[in-house]
Amino acid sequence: ISGFNILLGIGDKSILQKFMEAEKRSPSPRKDVRGYTVYASRAFDSPSGRSIGTPLLSDFGSAVSGDVEHDEDVQPNVYRAPEIWDLFEGKHLFYGRDPKEEKYMTRAHLADMIALMGPPPPELLKLGKRTAEFFDKDGGWIAEVPVPARTSLEESEENLEGSNKEAFLQFIRKMVQWRPEDRQTASQLLRDDWLNGRS
């Protein structure tokens, strides 16, 4: 979930009235671009207290129903888990930019993951529908993109130091696991010491 996709409702509708009156008094600058009128943005008054409405999640462009099995991608490529890394670090943990195709590709994403996590366990590869595209029968990497030089979470994390950094990386490691059963659930993660300021 990106912070940009959390919208706050407006509980105090007078904010809208003030916005319209300000636009009537002093219209927003505008210009014509190839036959389209483009307006400068005008800020709303900042809501506070009871004037803030219910938070709403938006941008469900890649959302799918949870009551049927899916094996296709269910979120934009670069925003795959763990999103908290992106929010906290201001950069992706895995970019998946294919050096040959110069765009995101699954094979480059997997290569980035191998550089950080090591190769996936053989029992996991046996379950994959697309395993043969990327791995040989012995689990060796065969995709047409090299695995980057080995890296670590410690090298990638740039905002923290000492025990706070160590606790944050322990939190991330609870999510960054090849096997789903090795990952903590969302409710378990919500009780993490680092997330709750107890580290």
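**Notebook: a look around helix 3**

I began with packing: the buried residues of helix 3 lie against strand 5 (97-98), strand 6 (103-104), helix 5 (131-134) and helix 6 (153-156). Here buried means under 20% relative accessible area, exposed over 50%, and partly exposed in between (1.4 Å probe, protein chains only). Contact means heavy atoms within 4.5 Å. Helices (H or I, at least four residues) and strands (E, at least two) are DSSP runs, numbered from the N terminus.

A note to myself on the source: this is a predicted model, where local features need pLDDT of at least 70, side-chain atom pairs count only at pLDDT 80 or more, and totals for chains, interfaces and linings use all residues. Residues are numbered from 1 along each chain as its sequence is written, and side-chain values use heavy atoms, with hydrogens and water left out.

**Helix 3, continued**

How many of the 12 residues of helix 3 are buried? I found 11, among them Arg107, His109 and Asp112. I also checked the length of helix 3 (residues 106-117): at 1.5 Å a residue it should span 16 Å, and its end C-alpha atoms are 16 Å apart, which agrees. The expected span is 1.5 Å times one less than the number of residues. Just after helix 3, I saw that Gly118 takes a positive phi of about 80°.

**The whole chain**

I counted eight helices and six strands. Of the 199 residues, 28% are buried.

**Salt bridges**

I looked for a side-chain nitrogen of Lys or Arg within 4 Å of a carboxyl oxygen of Asp or Glu, which is what a salt bridge is. The structure holds 14 of them.

Arg42 is partly exposed at 25% relative accessibility, and Glu23 is partly exposed at 22%.

Next I took Glu158 and Lys91, whose closest N and O atoms are 3.3 Å apart. Glu158 sits in the loop between helix 6 and helix 7 (162-173) and Lys91 in the loop between helix 2 (83-89) and strand 5, so the pair ties together parts 67 residues apart in sequence. Is Glu158 buried or exposed? Glu158 is exposed, because its relative accessible area is 58%.

Finally, I noted a network of salt bridges linking Glu123, Arg179, Glu181 and Asp182.
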